[in-house]
Amino acid sequence: MGTRPPSIIDVAQAVGVSRQTVSRVLNNHPAVHPQTRARVQEAMDRLGYRRNAAARALASKHTNILGAAVTNPHLFGPSGALLAIDQAARQAGFSLSVAFIRNQTAADMDAALSHFMDLGAEGVVVIAPTTATLDAAKALAGKVPMVVATSGQTAFPAVDIDQAVGARAAVEHLIGLGHRRIGHISGPAGEFQAAIRQQAWLDALGAKVHEVAQRGVHVGGGLVADEGHRQGEAGLAG
């Protein structure tokens with residue numbers, strides 16, 4: 001059997017200070033002399049002391065846990081967002097619990113949110129931009145702070161890029177290069193961002209209808225490279 005990990009009392013005894021002083025160092029309290037702070041920190045490093053998250057949660061009544069519910073984690077957008085959320089959480093002293101929503105159904109979302117509530121998560125980020133998942137998330141409205149990484153909805157505070165501006169700029173760029181037959185691969189039906197990009201595509205073509213000989217034909221598709229390649233070839237063949 002291994003020895004027990006060092007405790008806050010062990011650190012206090014090693015330095016010759018009170019447990020309260022060590023606690024103040026851990027919580028960055030200003031009422032600690034710099035030399036004492038340095039000695040406590042040196043002792044923690046030497047002893048290999050690590051803060052007990054469970055004990056800290058009981059004492060402070062804060063878990064410092066955030067939840068992140070994400071769909072399509074293999075795609076660049078969701079995976080990039082998840083990495084950024086994890087980095088920001090760590091910098092703020094929080095740990096991140098991640099739940100992958102495989103089927104983007106209300107049942108999957110309910111299970112993920114219930115998991116976060118069981119952990120005592122103090123906030124939840126939802127990277128699941130579909131009507132079904134956000135409808136399920138509404139059950140937690142008012143129970144825990146929630147932010148969604150999507151556009152086109154008003155139920156929760158949202159953070160996202162301007163999908164409409166980006167899509168419109170892409171179409172206008174192609175028109176400026178002299179292209180006259182401009183198609184659009186919308187992505188999966190039911191996604192807020194996909195609907196916004198599709199409408200921006202239509203708006204950009206409509207605003208310059210006198211410059212466009214033939215409007216592009218909308219074709220559906222997924223958000224993976226192989227599907228985009230297949231849909232692109234199908235559109236060109238048509």
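Me: Which residues does Met 109 touch, leaving out those up to four places away in sequence?

Reply: Met 109 touches Ala 69, Ile 101, Val 126, Thr 133, Ala 136 and Ala 137. Touching here is contact, meaning heavy atoms within 4.5 Å. Keep in mind that this is a predicted model, where local features need pLDDT of at least 70 and side-chain atom pairs count only at pLDDT 80 or more, while totals for chains, interfaces and linings use all residues. Residues are numbered from 1 along each chain as its sequence is written, and side-chain values use heavy atoms, with hydrogens and water left out.

Me: What makes a group of residues a nonpolar core?

Reply: The members must be buried Ala, Val, Leu, Ile, Met, Phe, Trp, Tyr or Cys, joined through side-chain atoms within 4.5 Å. Buried means under 20% relative accessible area (exposed is over 50%, partly exposed in between; 1.4 Å probe, protein chains only). The largest core has 19 residues, and Met 109, Phe 116 and Val 126 are among those touching the most other members. Helix α6 gives the most, with four residues.

Me: Why are α1 and α3 called oblique?

Reply: They pack at an angle of about 120°, with axes 9 Å apart. Under 35 degrees is roughly parallel, over 145 roughly antiparallel, 65 to 115 roughly perpendicular, and the rest oblique. So α1 and α3 are oblique to each other.

Me: Which residues make that contact?

Reply: Among them are Val 11 and Ala 14 of α1, and Val 40 and Leu 47 of α3.

Technical notes:
Helix = DSSP H or I, 4+ residues; strand = E, 2+ residues; numbered from the N terminus. Axes fitted to C-alpha atoms, helices over the stretch in contact; angles between N-to-C directions.
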